[in-house]
Amino acid sequence: MKVCIVAGARPNFVKVAPIIRAIEKAQTQGRNIDYTLVYAGTPTDPTIEDSLFDNLQMPRPNVYLNVDSNSLNEITGRVIGEFERYLNENKTDTVIVVDDLASTMAAAIVAKKHGLRLAHLVAGTRSFDMNMPKEVNRMVIDGLSDLLFTAGVGANSIVSREGAQRSKVYMVGNILIDSLRYNMHRFQRPKILEQNKIADREYLVFTINRKALIADRENLTNMLKAMTKAANDTPIIAPLRGTAAETIKELISANGINEENRGGILFTKPLPYLEFSYLTTHAKGIITDSGNVAEEATFNNVPCITLNSYTEHIETVRKGTNLLVGEDPQKLSQAVSQVIDNQWKQSQLPDRWDGRSAERIVQILLDRN
């Protein structure tokens, strides 16, 4: 069986790496399975530096579709054309797509038009906001998929309500946890902690990437003020990139935010996977707009404040350490104060967050072949 795994952006590789390890393990056991890793972007994409693949102990992609654009419609069209060309030239039995990007949806459409078996990793995630392009992508991909690999009971219920046959739905667990468990002993303490003489559990981590949140500069300024004041001199480490880093540095400078707090926000360049994982695993708390970071915080039992009014993985709120505060500076301030005062709920590990998701996926692929 020839499996094609399609990755559309950097975060996908953290979820792909365990599947590749599981396939390679199956090969050593004499199982008939092989894979090709296809990346929608270019080999020179700065977000997929060599250290990412070294950290994850996985190979670089075998194939690059070389699609480089900021337009979602252009990405969709170009990936359809390039992936069509790839499938015409390479024997493939099963295509695995990850998450909910425009490139993911494009690859799913092409796979089904070729009559191939399509598997969706992290199926059934929903925001229930059809104004979000990713929500449209999720629904299209799930509707096309022959195998829906979900992370939890909530996702199972969603795809079932939307009409998916039970025989297509498999709750394999959260594959992010596979990477965490596998690499935990290899985590590396970031230099910024040593340089600033900061001990473990004595700092907060701040990440932000959502464009709408960054664009509202007035409210973002109020959130930054609320966050740093409530931190009560606890340093806030911000490994930000691109527009997010530039905007927040500008707002901090213009409003003297760091000058009012001995801790304040400490910027560092985007960290490699092993260093970032150490940083979040050993934090006192996390403020983020990333669902992946919130999931990992739940596993690590680290308080997590999410700057959004919804989460695609509700188990991080119901069972985990996650709390949704939206874009409300007052709610953010209250939540940060609770973290600082050690008044936070304890995490329970959701079902099948055990580091064996990739094994289940590969076994299903082989059994259903």
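Where is Asn-66 found? Select Asn-66 to begin: this residue is in the loop between strand 3 (63-64) and helix 3 (72-89). Helices (H or I, at least four residues) and strands (E, at least two) are DSSP runs numbered from the N terminus.

The model is predicted, and local features need pLDDT of at least 70, side-chain atom pairs count only at pLDDT 80 or more, and totals for chains, interfaces and linings use all residues. Residues are numbered from 1 along each chain as its sequence is written, and side-chain values use heavy atoms, with hydrogens and water left out.

Most residues other than glycine have a negative phi. Asn-66 is partly exposed, with a relative accessible area of 39%. Buried means under 20% relative accessible area, exposed over 50%, and partly exposed in between (1.4 Å probe, protein chains only).

Next select Asn-232, in the loop between helix 10 (217-230) and strand 9 (236-239). Asn-232 also is not a glycine and has a positive phi, of about 55 degrees. Asn-232 counts as exposed because its relative accessibility is 53%.

**A buried serine**

Go to Ser-145, in the loop between helix 5 (133-144) and strand 6 (147-150). Is Ser-145 buried or exposed? Ser-145 is buried, with a relative accessible area of 1%. Its side chain reaches the backbone oxygen of Ile-141 at 2.7 Å. Not counting residues up to four places away in sequence, Ser-145 touches Leu-118, Ala-119, His-120 and Lys-168; contact means heavy atoms within 4.5 Å.

**The nonpolar cores**

A nonpolar core is a set of buried Ala, Val, Leu, Ile, Met, Phe, Trp, Tyr and Cys residues joined through side-chain atoms within 4.5 Å. In the largest one, which has 63 residues, Ile-5, Phe-13, Ile-19, Met-58, Leu-121 and Phe-149 touch the most other members. Helix 1 gives the most to this core, with 9 residues. Another core, of 31 residues, lies apart from it, and includes Leu-213, Leu-224, Ala-238 and Ile-252.

Now select Phe-13. Leaving aside neighbours within four places in sequence, Phe-13 is in contact with residues including Leu-37, Tyr-39, Phe-53 and Pro-61.

**A cavity and a pocket**

On a 1 Å grid over the protein atoms alone, a cavity is a set of points where a 1.4 Å probe fits but cannot get out, and a pocket is an open set with protein on both sides within 12 Å along at least five of seven lines; lining residues have an atom within 4 Å of a point. Grid points are joined across faces, edges and corners, and a volume is the space filled by probe spheres set on the points.

How many cavities of 30 Å³ or more does the structure hold? It holds 1. The largest cavity has a volume of about 40 Å³. To see its lining, select Lys-15, Val-122, Ala-151, Asn-174, Ile-175, Asn-292, Glu-295 and His-313.

Then turn to the second largest pocket, with a volume of about 320 Å³. Of the 16 residues that line this pocket, Arg-21, Ala-22, Lys-25, Ala-358 and Glu-359 lie nearest its centre. Helix 1 (10-28), helix 7 (175-183) and helix 16 (357-367) are the elements that give two or more residues to the lining.

Key
Polar contact = N/O pair within 3.5 Å; in protein donor to acceptor, adjacent residues only side chain to side chain.
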